[in-house]
Amino acid sequence: LCSALWATPAVAFVAGARSSSTARPSFIQSAATDTDDILKPPYEIEPLSLRIGHGFDIHRMAPLQDAGQPIVIGGVTIDHKDQKWTDADGKYVEKGGIYETQLGVVAHSDGDVIYHSLVDAIFGALTLPDIGQVFQDTDPRWKGCDSSKFMEYAQEVMEGYGYQIGNIDVTLILERPKVASFKPAMKENIVALLKTTPGRVNIKARTHERLDSVGELRSLSCHVVLTLERA
(Lines give C-alpha, C1' and ligand atoms only; values in the text may rest on other atoms or scores of the structure.)
Protein backbone atom coordinates (compact mmCIF):
# COMPACT_ATOMS: atom_id res chain seq x y z
CA LEU A 1 0.00 0.00 0.00
CA CYS A 2 1.06 3.59 -0.58
CA SER A 3 1.28 4.22 3.18
CA ALA A 4 4.25 1.88 3.30
CA LEU A 5 6.00 3.90 0.61
CA TRP A 6 5.32 7.28 2.16
CA ALA A 7 8.01 9.40 3.76
CA THR A 8 7.45 12.91 5.10
CA PRO A 9 7.98 15.29 2.18
CA ALA A 10 10.51 18.09 2.33
CA VAL A 11 10.04 19.59 -1.09
CA ALA A 12 11.69 22.88 -2.04
CA PHE A 13 10.61 24.86 -5.07
CA VAL A 14 11.76 28.19 -6.41
CA ALA A 15 8.85 30.55 -7.00
CA GLY A 16 8.93 32.09 -10.43
CA ALA A 17 11.39 29.54 -11.77
CA ARG A 18 11.83 25.85 -12.42
CA SER A 19 11.36 23.93 -9.22
CA SER A 20 14.18 22.22 -7.40
CA SER A 21 14.19 19.58 -4.70
CA THR A 22 16.73 17.92 -2.47
CA ALA A 23 14.43 15.59 -0.55
CA ARG A 24 11.17 13.98 -1.63
CA PRO A 25 8.71 11.30 -0.57
CA SER A 26 10.14 7.85 -1.21
CA PHE A 27 7.62 7.11 -3.94
CA ILE A 28 8.71 10.28 -5.77
CA GLN A 29 12.35 9.23 -5.42
CA SER A 30 11.47 5.92 -7.03
CA ALA A 31 9.81 7.64 -9.99
CA ALA A 32 12.28 10.44 -10.67
CA THR A 33 11.99 10.06 -14.43
CA ASP A 34 8.24 10.66 -14.49
CA THR A 35 6.55 12.17 -11.44
CA ASP A 36 9.49 14.39 -10.52
CA ASP A 37 9.88 15.79 -14.03
CA ILE A 38 6.13 16.39 -14.28
CA LEU A 39 6.31 18.63 -11.21
CA LYS A 40 9.26 20.58 -12.66
CA PRO A 41 7.81 22.26 -15.76
CA PRO A 42 10.22 23.84 -18.27
CA TYR A 43 8.49 27.21 -17.97
CA GLU A 44 8.35 29.82 -15.23
CA ILE A 45 5.59 29.45 -12.67
CA GLU A 46 5.15 33.15 -12.04
CA PRO A 47 4.73 34.31 -8.41
CA LEU A 48 1.23 35.75 -8.91
CA SER A 49 -0.48 37.13 -5.82
CA LEU A 50 -3.59 35.00 -6.48
CA ARG A 51 -4.16 31.79 -8.41
CA ILE A 52 -7.44 30.00 -9.13
CA GLY A 53 -7.88 26.25 -9.58
CA HIS A 54 -10.75 23.93 -10.51
CA GLY A 55 -10.89 20.20 -9.86
CA PHE A 56 -13.36 17.52 -10.85
CA ASP A 57 -13.64 13.82 -10.12
CA ILE A 58 -16.19 11.09 -10.72
CA HIS A 59 -16.25 7.43 -9.69
CA ARG A 60 -18.59 4.52 -10.16
CA MET A 61 -20.54 3.15 -7.22
CA ALA A 62 -21.45 -0.52 -7.05
CA PRO A 63 -22.55 -3.10 -4.48
CA LEU A 64 -19.90 -3.30 -1.80
CA GLN A 65 -19.03 -6.90 -2.70
CA ASP A 66 -18.20 -5.77 -6.24
CA ALA A 67 -16.46 -2.50 -5.37
CA GLY A 68 -14.30 -4.17 -2.74
CA GLN A 69 -14.04 -1.00 -0.66
CA PRO A 70 -16.46 1.37 1.11
CA ILE A 71 -17.50 4.89 0.16
CA VAL A 72 -14.87 7.30 1.47
CA ILE A 73 -15.47 11.02 0.97
CA GLY A 74 -13.30 13.76 2.43
CA GLY A 75 -11.44 11.12 4.42
CA VAL A 76 -14.66 9.91 6.07
CA THR A 77 -16.10 6.41 5.62
CA ILE A 78 -19.78 6.88 4.83
CA ASP A 79 -21.71 4.33 6.87
CA HIS A 80 -25.22 3.85 5.50
CA LYS A 81 -28.22 1.57 5.34
CA ASP A 82 -28.93 -0.46 2.19
CA GLN A 83 -29.56 1.79 -0.79
CA LYS A 84 -31.71 1.43 -3.92
CA TRP A 85 -29.03 0.93 -6.57
CA THR A 86 -30.00 0.62 -10.24
CA ASP A 87 -28.67 -2.62 -11.68
CA ALA A 88 -28.03 -1.39 -15.23
CA ASP A 89 -26.41 -4.67 -16.33
CA GLY A 90 -28.86 -7.05 -14.72
CA LYS A 91 -26.28 -8.82 -12.57
CA TYR A 92 -28.47 -9.18 -9.47
CA VAL A 93 -32.01 -8.37 -10.64
CA GLU A 94 -33.76 -7.72 -13.95
CA LYS A 95 -31.74 -5.31 -16.10
CA GLY A 96 -32.54 -1.76 -15.01
CA GLY A 97 -34.20 -2.99 -11.83
CA ILE A 98 -33.57 -1.85 -8.27
CA TYR A 99 -31.24 -3.84 -6.03
CA GLU A 100 -31.06 -2.87 -2.36
CA THR A 101 -27.47 -3.12 -1.16
CA GLN A 102 -24.57 -1.59 0.71
CA LEU A 103 -22.55 0.54 -1.71
CA GLY A 104 -18.85 0.99 -2.33
CA VAL A 105 -16.71 3.03 -4.73
CA VAL A 106 -14.98 1.45 -7.71
CA ALA A 107 -11.51 3.00 -7.97
CA HIS A 108 -7.81 2.24 -8.19
CA SER A 109 -7.08 4.15 -4.97
CA ASP A 110 -9.74 4.69 -2.29
CA GLY A 111 -11.84 6.75 -4.75
CA ASP A 112 -12.18 9.82 -2.53
CA VAL A 113 -13.77 12.31 -4.94
CA ILE A 114 -13.29 15.35 -2.67
CA TYR A 115 -9.61 14.72 -2.04
CA HIS A 116 -8.95 13.94 -5.70
CA SER A 117 -10.73 17.11 -6.81
CA LEU A 118 -8.80 19.19 -4.29
CA VAL A 119 -5.44 17.81 -5.41
CA ASP A 120 -6.40 18.40 -9.04
CA ALA A 121 -7.42 21.99 -8.26
CA ILE A 122 -4.14 22.73 -6.45
CA PHE A 123 -2.08 21.31 -9.31
CA GLY A 124 -4.22 23.19 -11.81
CA ALA A 125 -3.82 26.51 -10.01
CA LEU A 126 -0.05 26.02 -10.18
CA THR A 127 -0.23 25.12 -13.91
CA LEU A 128 0.99 21.58 -13.13
CA PRO A 129 -0.38 18.41 -14.76
CA ASP A 130 -3.53 16.76 -13.47
CA ILE A 131 -3.68 14.21 -10.67
CA GLY A 132 -4.07 11.36 -13.15
CA GLN A 133 -0.64 12.10 -14.60
CA VAL A 134 1.07 12.50 -11.24
CA PHE A 135 -0.61 9.49 -9.59
CA GLN A 136 -1.47 7.21 -12.51
CA ASP A 137 -4.27 4.70 -12.06
CA THR A 138 -2.16 2.03 -13.78
CA ASP A 139 0.55 2.27 -11.11
CA PRO A 140 0.27 -0.57 -8.56
CA ARG A 141 1.71 1.69 -5.83
CA TRP A 142 -1.58 3.59 -5.66
CA LYS A 143 -3.83 0.52 -5.49
CA GLY A 144 -6.17 1.06 -2.54
CA CYS A 145 -4.18 4.12 -1.50
CA ASP A 146 -5.46 6.42 1.24
CA SER A 147 -5.95 9.66 -0.70
CA SER A 148 -4.87 11.74 2.29
CA LYS A 149 -1.35 10.87 1.07
CA PHE A 150 -2.08 12.67 -2.21
CA MET A 151 -3.40 15.63 -0.21
CA GLU A 152 -0.26 15.76 1.94
CA TYR A 153 1.90 15.81 -1.14
CA ALA A 154 -0.20 18.48 -2.87
CA GLN A 155 0.12 20.61 0.26
CA GLU A 156 3.91 20.26 0.16
CA VAL A 157 4.00 21.20 -3.53
CA MET A 158 1.77 24.24 -2.92
CA GLU A 159 3.86 25.34 0.05
CA GLY A 160 7.06 24.74 -1.86
CA TYR A 161 5.94 27.16 -4.56
CA GLY A 162 5.21 29.78 -1.89
CA TYR A 163 1.41 29.49 -1.72
CA GLN A 164 -1.25 28.73 0.84
CA ILE A 165 -5.00 28.13 0.59
CA GLY A 166 -7.02 31.29 -0.01
CA ASN A 167 -10.40 29.59 0.10
CA ILE A 168 -12.02 26.33 -0.99
CA ASP A 169 -15.55 25.69 -2.27
CA VAL A 170 -16.52 22.03 -2.66
CA THR A 171 -19.66 20.78 -4.42
CA LEU A 172 -20.26 17.08 -3.82
CA ILE A 173 -22.87 15.49 -6.10
CA LEU A 174 -24.49 12.20 -5.15
CA GLU A 175 -28.05 10.97 -4.87
CA ARG A 176 -27.58 8.70 -1.87
CA PRO A 177 -26.44 8.00 0.77
CA LYS A 178 -27.07 11.30 2.49
CA VAL A 179 -23.91 12.94 3.81
CA ALA A 180 -25.04 16.04 5.74
CA SER A 181 -24.03 14.57 9.09
CA PHE A 182 -20.55 13.70 7.76
CA LYS A 183 -19.69 17.16 6.39
CA PRO A 184 -18.20 18.59 9.63
CA ALA A 185 -15.68 15.73 9.79
CA MET A 186 -14.84 16.16 6.08
CA LYS A 187 -14.19 19.85 6.65
CA GLU A 188 -12.04 19.14 9.69
CA ASN A 189 -9.92 16.73 7.64
CA ILE A 190 -9.43 19.22 4.81
CA VAL A 191 -8.48 22.01 7.21
CA ALA A 192 -5.87 19.79 8.86
CA LEU A 193 -4.36 18.33 5.69
CA LEU A 194 -4.10 21.64 3.83
CA LYS A 195 -2.99 23.62 6.89
CA THR A 196 -5.75 26.18 6.65
CA THR A 197 -8.67 27.42 8.79
CA PRO A 198 -12.41 26.55 8.91
CA GLY A 199 -13.37 29.99 7.60
CA ARG A 200 -11.62 29.22 4.32
CA VAL A 201 -13.31 25.86 3.57
CA ASN A 202 -16.88 25.27 2.44
CA ILE A 203 -18.54 21.96 1.56
CA LYS A 204 -21.87 21.74 -0.23
CA ALA A 205 -23.69 18.55 -1.18
CA ARG A 206 -26.55 18.10 -3.60
CA THR A 207 -28.42 15.34 -5.37
CA HIS A 208 -28.69 14.90 -9.14
CA GLU A 209 -32.50 14.88 -9.15
CA ARG A 210 -32.46 11.15 -10.00
CA LEU A 211 -30.89 11.88 -13.40
CA ASP A 212 -28.32 9.67 -15.19
CA SER A 213 -25.81 7.43 -13.40
CA VAL A 214 -25.49 9.73 -10.37
CA GLY A 215 -29.25 9.78 -9.89
CA GLU A 216 -29.34 5.99 -10.18
CA LEU A 217 -26.69 5.64 -7.43
CA ARG A 218 -24.22 4.20 -9.92
CA SER A 219 -21.76 7.06 -9.53
CA LEU A 220 -20.83 10.11 -7.48
CA SER A 221 -18.89 13.22 -8.48
CA CYS A 222 -17.35 16.38 -7.11
CA HIS A 223 -16.33 19.86 -8.23
CA VAL A 224 -13.84 22.03 -6.35
CA VAL A 225 -12.98 25.68 -6.93
CA LEU A 226 -10.18 27.16 -4.85
CA THR A 227 -7.83 30.09 -4.67
CA LEU A 228 -4.19 30.06 -3.67
CA GLU A 229 -2.58 33.14 -2.21
CA ARG A 230 1.06 34.01 -1.62
CA ALA A 231 2.16 32.71 1.77
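Me: Is Glu209 buried or exposed?
Reply: In this predicted model, Glu209 sits in the loop between S8 and helix H9 (212–215), and its phi is near 50 degrees, a positive value in a residue other than glycine. Its relative accessible area is 57%. Because a residue counts as exposed when that value is over 50%, Glu209 is exposed.

Me: Where is Lys195 found?
Reply: Lys195 has a phi near 50 degrees, a positive value although the residue is not glycine. With a relative accessibility of 54%, Lys195 counts as exposed. Its place is the loop between H8 and S8.

Me: Why is H5 described as roughly parallel to H7?
Reply: Helix H5 (residues 113–125) packs against helix H7 (residues 148–160) with the axes 9 Å apart. Angles under 35 degrees count as roughly parallel, so H5 is roughly parallel to H7. The angle between them is about 20 degrees.

Me: Which element gives the largest share of the largest nonpolar core?
Reply: The largest nonpolar core has 54 residues, and Leu118 is one of those with the most contacts inside it. Leaving aside neighbours within four places in sequence, Leu118 is in contact with residues including Met151, Ile168 and Val224. The largest share of this core, nine residues, comes from H5.

Conventions: Residues numbered from 1 in each chain as written. Predicted model: local features only at pLDDT ≥ 70, side-chain atom pairs only at ≥ 80, totals over all residues. Heavy atoms only, no water. Axes fitted to C-alpha atoms, helices over the stretch in contact; angles between N-to-C directions. Helix = DSSP H or I, 4+ residues; strand = E, 2+ residues; numbered from the N terminus. Parallel < 35°, antiparallel > 145°, perpendicular 65-115°, else oblique. Core = buried A, V, L, I, M, F, W, Y, C linked by side-chain atoms within 4.5 Å. Buried < 20%, exposed > 50% of the residue type's maximum accessible area, 1.4 Å probe, protein only. Contact = heavy atoms within 4.5 Å.
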